[in-house]
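Trainee: I have a structure open and would like to learn how to read it feature by feature. Where should we begin?

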Amino acid sequence: AKALGRNTYSFFTKEMNIIMQRRFEIEGQMRGALERNEFELYYQPQVDVKKGHIIGAEALLRWNNPVLGNVTPEEFIPIAENSGLIVPIGRFVIKQALWFLHLWQNTEQKKYTMAVNLSPRQFRDTELLNFIKNILKDKQIDTDSLELEITEGVLMTGQSFIHDAIVEINALGIKLSMDDFGTGYSSLSYLRQYPFDVLKIDRSFINCITENKPDCDLVKATIAMSHSLGLKVVAEGVETKEQLLLLNDLNCDFVQGYYFSKPLPAKQLLELSAAHK
Ligand code: C2E
Ligand code: CA
Ligand code: CA
Ligand code: CA
């Protein structure tokens, strides 16, 4: 039993070592990645369910590193978050996304929205809102064309500077979106406490809506509740026509997902958007 215990122990440390080593390597490579221009934003269109028009897009970060290859945001965002590197990277994301939004709106003379993800650590960047304000002003973009997506993880700490930042975001007219709705425990109470404009239903709920009655009922109730609170609803991860038709019946406002388009590089989104007019 003792030998087994020792083996199990060394097994776990070995596994842990591999994980730690990978994290260490990612963090090391990430340090110079901005300067080396390794990040690129992709944009996934959001579509009005009833009208079928593109109404905007979500900016999603991609990282291609010469040593590590493509690293998924699922892997590198938490490391960027823990190391604080998300602060400069997050500013890059906002700047790029707003530059692109400016180009997109001017190319088509249409008011699109741009959704950008904000993670908890970025709220400790006390100059972030000024940074955003200056770009919006500089590019003459209406504040309500920008939508900031946060998950309940941002609100869970209950820190007062986060509360203040959200009040200011709202006062500026920037939209606030609750991301991954339904995956946490307290999203409902946060909807009551904060001035959200948009609710994004997590794709794990959308996955089975056409086969699974309880999932469908939950999505239906979520949409009805959101509308009674004055929020617009985006369904994430819509992959089939059947899902789209059902979401239309449930009065969902917007959809985002592979059925309409994967996240695309800027140039391809412009092409898709022009073809879709
Ligand atoms: P998220 O904010 O929930 O973004 C949606 C994710 O779902 C994206 O993954 C998108 O590519 C994927 N997706 C969209 N439609 C479909 C679909 O129909 N089916 C399936 N299976 N997946 C779909 P992605 O781009 O890998 O990003 C993963 C997560 O990384 C994001 O989840 C977000 O939490 C984070 N992330 C990405 N970019 C940024 C960023 O610039 N800043 C921050 N803070 N986080 C980011
Ligand atoms: Ca998001
Ligand atoms: Ca608002
Ligand atoms: Ca999401």
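Mentor: With burial, since several later points use the word. A residue counts as buried when its relative accessible area is under 20%, and as exposed when that area is over 50%; anything in between is partly exposed. This is a predicted model, and the values are computed from it. By that cut-off, Tyr190 and Tyr194 are both buried.

Trainee: How do the rings of Tyr190 and Tyr194 lie relative to each other?

Mentor: Read the centre distance and the angle between planes together. Planes under 30 degrees apart count as stacked, over 60 as edge-to-face, and the rest as tilted. Tyr190 and Tyr194 form a tilted aromatic pair, with 6.4 Å from centre to centre and 45° between the planes.

Trainee: How many aromatic pairs does the structure hold?

Mentor: There are eight aromatic pairs. Another of them is Phe39 with Phe92, which is tilted at 45° between the planes, with the centres 6.4 Å apart. Phe39 belongs to strand 1 (residues 39-48) and Phe92 to helix 3 (residues 86-108), so this pair ties together parts that are 53 residues apart in sequence. Phe39 and Phe92 are buried. They also belong to one aromatic cluster, formed by Phe39, Trp63, Phe76 and Phe92.

Trainee: Which rings have a charge over them?

Mentor: For this, look at the charged end of a side chain and the centre of the ring. The charged end of Arg91 sits over the ring of Phe131, at 4.8 Å from the ring centre. Lys262 lies over the face of Tyr258, also with 4.8 Å to the ring centre.

Trainee: How should I check the length of helix 3?

Mentor: Compare an expected span with the modelled one. The expected span is 1.5 Å times one less than the number of residues. Helix 3 has 23 residues and should therefore span 33 Å; its end C-alpha atoms lie 32 Å apart, which agrees.

Trainee: Next, the metals. Which residues coordinate the calcium ion (ligand 2)?

Mentor: List the donor atoms, then ask where they sit in the chain. The calcium ion (ligand 2) is coordinated at 2.1 to 2.3 Å by Glu58 (OE), Asn117 (OD1), Glu149 (OE) and Asp179 (OD). Along the chain these donors follow the spacing E-x58-N-x31-E-x29-D. Glu58 is in strand 2 (residues 54-65) and Glu149 in strand 5 (residues 146-150), so the two tie together parts that are 91 residues apart in sequence. Glu58 is buried, with a relative accessible area of 4%, and Glu149 is buried at 1%.

Trainee: How do I read the strands around strand 4?

Mentor: Ask which strands are bridged and in which sense they run. Strand 2 and strand 4 (residues 113-117) run parallel and are joined by three bridges, with Ala57 opposite Met114. Strand 4 also pairs with strand 5 in the parallel sense, over four bridges; there, Ala115 has Glu147 as its bridge partner. From strand 4 the chain passes through helix 4 (residues 128-138) to strand 5, in a right-handed β-α-β crossover. Four of the five residues of strand 4 are buried.

Technical notes:
Residues are numbered from 1 along each chain as its sequence is written. Chains are lettered from A and ligands numbered from 1 in the order in which they are written. This is a predicted model: local features need pLDDT of at least 70, side-chain atom pairs count only at pLDDT 80 or more; totals for chains, interfaces and linings use all residues. Side-chain values use heavy atoms; hydrogens and water are left out. Rings of Phe, Tyr and Trp (its six-membered ring) pair if their centres lie within 6.5 Å; planes under 30 degrees apart count as stacked, over 60 as edge-to-face and the rest as tilted. Buried means under 20% relative accessible area, exposed over 50%, partly exposed in between (1.4 Å probe, protein chains only). A charge sits over a ring if NZ of Lys or CZ of Arg is within 6 Å of the ring centre and within 35 degrees of the ring normal. Donors are N, O and S atoms within 2.8 Å of the metal (3.2 Å for Na, K and Ca); water is not among the atoms, so sites may look incomplete. Two strands pair if DSSP finds at least two bridges between them. A crossover is right-handed if, with the strands pointing away from the viewer, the path from the first strand over the helix to the second runs clockwise.
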